[in-house]
Amino acid sequence: MISPETQAPHWEWYYIAMYFYIGGIAAGAYFIGSLLELLNRENLRSISKTAYYIAFPLICITPILLIADLGRPFRFWHLFFYTKDAAPYMNHTSPLSVGTWALLVFGGMSFLSFVNVLAEDGRLTSPGLKKFHVLFSRIPHKIYAAIGSFFGFFVAGYTGVLLNTTARPLWEATDPLVGSLFVASAASTGAAAIVLFMLNRKAGTSETFGRLEAFDRVAMIIEIALIAVMLVVAGKYAAPLLTGFYGVLFLGGTVLVGILIPLWLNWKGFKPGAAGGSMATLVAVLVLFGGLMLRISLVQAGQM
Amino acid sequence: MAKGMFVDTSICTGCKACQVACKEWNGLPGEPSHFHKVPNRPYPVAFNFTGNSYDNTGQLSATDWRHVRFIEQFNENRTEGRWFFSSDSCKHCTDAGCLNACPVKAIVRTDMGNVFVQQDVCIGCKYCIPSCPYGVINFSEKTGTVHKCTLCNDRIHNGLGTACAKACPTGSISFGEVSELKKKADARLSQLKGLGFTKANIYGYDEAGGLNVFYLFMDNPTVYGQPLNPIVPQRRLFKSAAITVVTAIAVAVAALISFRERGMKKETEK
Ligand code: SF4
């Protein structure tokens, strides 16, 4: 039975939901980039590069958000080290604990990939970083691309598992689907962020956009299917997500503006050109908006 | 040798001595004053009364580690009815959701089986709060950490019982060895059943791996605000993680298909 009397953690949306969102974009983008690297798709190299350029700066923002929400921010390092045993610490039954370690590994891998693309583009100016690049380049790039994309998926998904592994009615009732939903959303917002960045820098060809568009379409279809199943599974406990303010954010922001409309535009197809470019921008912006609304509505409605 | 408490709600009188004793022993501050002045009224006005019988806190919190519930069951014209009281606190679950969720080992179990928050370790991530199926543990803005009943950790490690049990004038709360308390509870239950209280039941033998603080209720536990068979959140963790991995694989396959090499056709960048 779902407990009638549980308490909400009062996580602030601008810290926790925002972290779920930004971490998701970084992880989704990194995954796409590293997959192409692993597949040796040299002709899609511009996608990989863009992905790596996006992932690391975004993931740098996330610890700030996480630490800011702590009651005792200066103790954040307790997450990695338990002083009373004088040993590193991880609680394997706590998604929060395991996820923090995964975030650390993912941050490291995305840093290596970031330095790599800087070197590739001849933008590595600091001699220290140059030396570092030569040093770690002895490890094949594919190895940490593979590790990074695995932990990227982890970072994208554990946040949903974290919500499901509580006794709050909405989060318990939507178990075990929020992790999946966040993974799908991370993939789709990651692809959208890459598109936006490439359009901005006028990089990319019709093929690259076509590929990203095709991938985003599948990700959005998975997402909308998961949302449908989740609402059925949650039944009456989904009420906070379907009514009131968070109902507007979720149904209007995520489902309609963030998935259905982009899916429809995406389906009609567009060619990135003079007019198509603005269309592609619109779709990418809508997808990114929908992803944010998804995190805010699920995190905040569960605390009502 | 787990220590715990047995709360026999059939003899609770709702005097709140336990609430007071808890606050005194643990040095917990009172709630903001229940009365304040409003313009144009000569007398102070009550503003944070719960309006629910004699309930004065409404729930457990970082400063209310004990909460006496008042359950009024009266008919329309109040000619007949029952009035239940039940003193609630942390149950010191054997499989504790809060402890399982803690990422920094701030929440630990001591050698006496009680679940204890180490104030010098807690970082205030607040993840334990939604992880407790009983809504017990809560956050204090003042300390930036979470607080809850410690089962009087300091007292019991020095040979005393809990402050609430000591103060209870009717013996509704008793402290002791869990196995001993269970014997007492079973005896009282069969006595009550013999007297015709067929709905009487014991809550906490199986819930969350067994509660070290358990209850004798005169009606269904939900009447007392306690969930029937709550699931310890972490017992659902594996399934949740597995489904997420399956979705991740599906997304990866989608990516492989979207980005696969298309025959011989090769487009060069730019
Ligand atoms: S009742 Fe809640 S706070 Fe107490 S041990 Fe169980 S899970 Fe933890």
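Colleague: Which residues does Asn116(A) touch, not counting residues up to four places away in sequence?

Modeller: Asn116(A) touches His133(A), Phe136(A), Ser137(A), His141(A) and Tyr144(A), leaving out residues up to four places away in sequence. Contact here means heavy atoms within 4.5 Å. Before we go on: this is a predicted model, where local features need pLDDT of at least 70, side-chain atom pairs count only at pLDDT 80 or more, and totals for chains, interfaces and linings use all residues. Residues are numbered from 1 along each chain as its sequence is written, chains are lettered from A and ligands numbered from 1 in the order in which they are written, and side-chain values use heavy atoms, with hydrogens and water left out.

Colleague: Okay. Is Asn116(A) buried or exposed, and where is it found?

Modeller: Asn116(A) counts as buried because its relative accessible area is 7%; buried means under 20%, exposed over 50% and partly exposed in between (1.4 Å probe, protein chains only). It is found in helix H3 of chain A, residues 95-120. Helices (H or I, at least four residues) and strands (E, at least two) are DSSP runs, numbered from the N terminus.

Colleague: Switching to the interface. How many residues of chain B are in contact with chain A?

Modeller: 65 residues of chain B contact 71 residues of chain A. The area buried between them is about 5,600 Å², with carbon and sulfur atoms giving 58%. That is the accessible area (1.4 Å probe) that two parts lose on being put together, summed over both.

Colleague: How many salt bridges across it?

Modeller: The rule finds six between chain B and chain A, each being a side-chain nitrogen of Lys or Arg within 4 Å of a carboxyl oxygen of Asp or Glu. Glu5(A) forms a salt bridge with Arg69(B), with the closest N and O atoms 2.9 Å apart.

Colleague: Which element of chain B gives the most to the side that touches chain A?

Modeller: H7(B), with 14 residues. That side of chain B divides into 33 nonpolar, 20 polar and 12 charged residues. Ala, Val, Leu, Ile, Met, Phe, Trp, Tyr, Cys and Pro count as nonpolar, Asp, Glu, Lys and Arg as charged, and the others, Gly among them, as polar.

Colleague: And what surrounds the ligand?

Modeller: The residues around the ligand include Cys90(B), His92(B), Cys93(B), Cys98(B), Cys132(B) and Lys148(B), where near means one heavy atom within 4 Å. The shell has eight nonpolar, two polar and two charged residues.

Colleague: Last one: what does the side chain of His147(B) make a polar contact with?

Modeller: The side chain of Thr143(B), at 2.7 Å. A polar contact is a pair of N or O atoms within 3.5 Å; within protein, one must be able to donate a hydrogen and the other to accept it, and residues adjacent in sequence count only if both atoms are side-chain atoms. His147(B) is found in strand S9 of chain B, and counts as buried at 13% relative accessibility.
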